[in-house]
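Please walk me through this structure, beginning with the chain as a whole and ending with a single residue.

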Amino acid sequence: MIDWTSWTGTGVAIGIALVVAFAIVLGLRLVARLLSRRVPWMRDLDHRVRRAWVTFCVVLAIWIAGAVTAPGRQEWWGSASHVMFIAAMVTAGWLLAALVSFGFEGLIAREQVSFSGADLRRRRTQLIVLHRLTLVVIGVIAVGAVLFSFPALRVVGTSLLASAGIVSVIAGLAAQSIFGNLIAGIQIAFTDTIRVGDVVVVEGEWGTIGEINLSYVVVYIWDERRLVVPCSYFTTKPIETWTRKSDAILGTVFLDLDWRVPIDDVRAKFEQIIEALPEWDRRSSSCWVTDSQGGHVTVRLVMSAKDSDDQWVLRCQVREQMVTWLQQEHPEALPRTRVSVES
């Protein structure tokens, strides 16, 4: 026979608990709004954790109310309590992940103000990888705690909890592909192999490092394609990086010209062109004949730029203007093939 008195008492207790929980949530939100006038980041924190915090408080309130009124009088409370425990673990993990994400995003934003160039890319990459690794650990602990609550799965839960804290277990599993890439992702972040924003050439493709995840890296190719590469690739194969120490880079233009080319005039015109181009950073420039084979000589034009984008534009501008000038002023310098006909 159903004990309606016990059901009513439990329902009233849960109702009161929910009212108290919502009162606490509203009170904390009011405090956050008041503090945000002096501490601007409090408003962002409230916005980030609001849903997770409300859900966690509701679950906790129902669990506490049921635990106080139901045990000993309700046969269903054992199963309901287990469900509430699982909900509490999941929402607690959600809340903790939201807090961790807010903290790391704040650190990354602060680093963007304090650092620039290669130092900024290095520190931002390390923070991104640490952020994702922390979220994985939180997820493993939450899942392990849930599994640990089932007697039949307690062994699995214990193993997951241990794997979150014992480095030797992770190292032992690194022989598998997924864990090998995980270890490689951590290695990339802390050995400064590559960083988010670095300009690289991978598999013959020129682009920038757009994302570094725990198991793979996404290279943003210049023509808007995306190259997804396992992290282990960057620890086992050579890559070409243009921004290892700084963004500054040299650009080269090669011109194959006839032997009659006036080198002094070419050098003077080259200097005149780069002086007028804003992409040249005025660090370095040179014009030399670097080869002479067959029916032409090779003129190498070298110019410096502050980054790879400016270098590309600078090379294109110099090449176009030099070709146009040679066509108009010194057509005799254009490459040609000579044929000797004997009668």
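The paragraphs below go from the overall chain to its cores and then to one histidine.

The model is a predicted one, and its chain has 343 residues, of which 34% count as buried. The secondary structure comes to 10 helices and eight strands. Among the contacts in the chain with a separation of 6 or more, 63% are between residues 24 or more positions apart. The accessible surface comes to about 20100 Å², and carbon and sulfur atoms account for 62% of that area.

Inside the chain, the largest nonpolar core has 25 residues, and those with the most contacts inside it are Ile188, Ile194, Ile209, Ile212, Val217 and Phe234. Several elements each supply at least two residues of this core, including helix H3 (77–114), helix H4 (117–148), strand E2 (205–212) and strand E3 (216–221). A second, separate core has 22 residues, and Leu255, Val266, Val297 and Val318 are included in it.

The last stop is His330, which lies in the segment after helix H10 (308–329). Is this residue, His330, buried or exposed? His330 has a relative accessible area of 15%, and because buried means under 20%, His330 counts as buried. Leaving aside residues up to four places away in sequence, His330 touches Pro262, Asp265 and Trp325, while a polar contact of 3.0 Å joins its side chain to that of Glu332.

Note on methods
Residues numbered from 1 in each chain as written. Predicted model: local features only at pLDDT ≥ 70, side-chain atom pairs only at ≥ 80, totals over all residues. Heavy atoms only, no water. Core = buried A, V, L, I, M, F, W, Y, C linked by side-chain atoms within 4.5 Å. Buried < 20%, exposed > 50% of the residue type's maximum accessible area, 1.4 Å probe, protein only. Helix = DSSP H or I, 4+ residues; strand = E, 2+ residues; numbered from the N terminus. Contact = heavy atoms within 4.5 Å. Areas by Shrake-Rupley, 256 points an atom, 1.4 Å probe, with all protein chains shown as cover. Polar contact = N/O pair within 3.5 Å; in protein donor to acceptor, adjacent residues only side chain to side chain.
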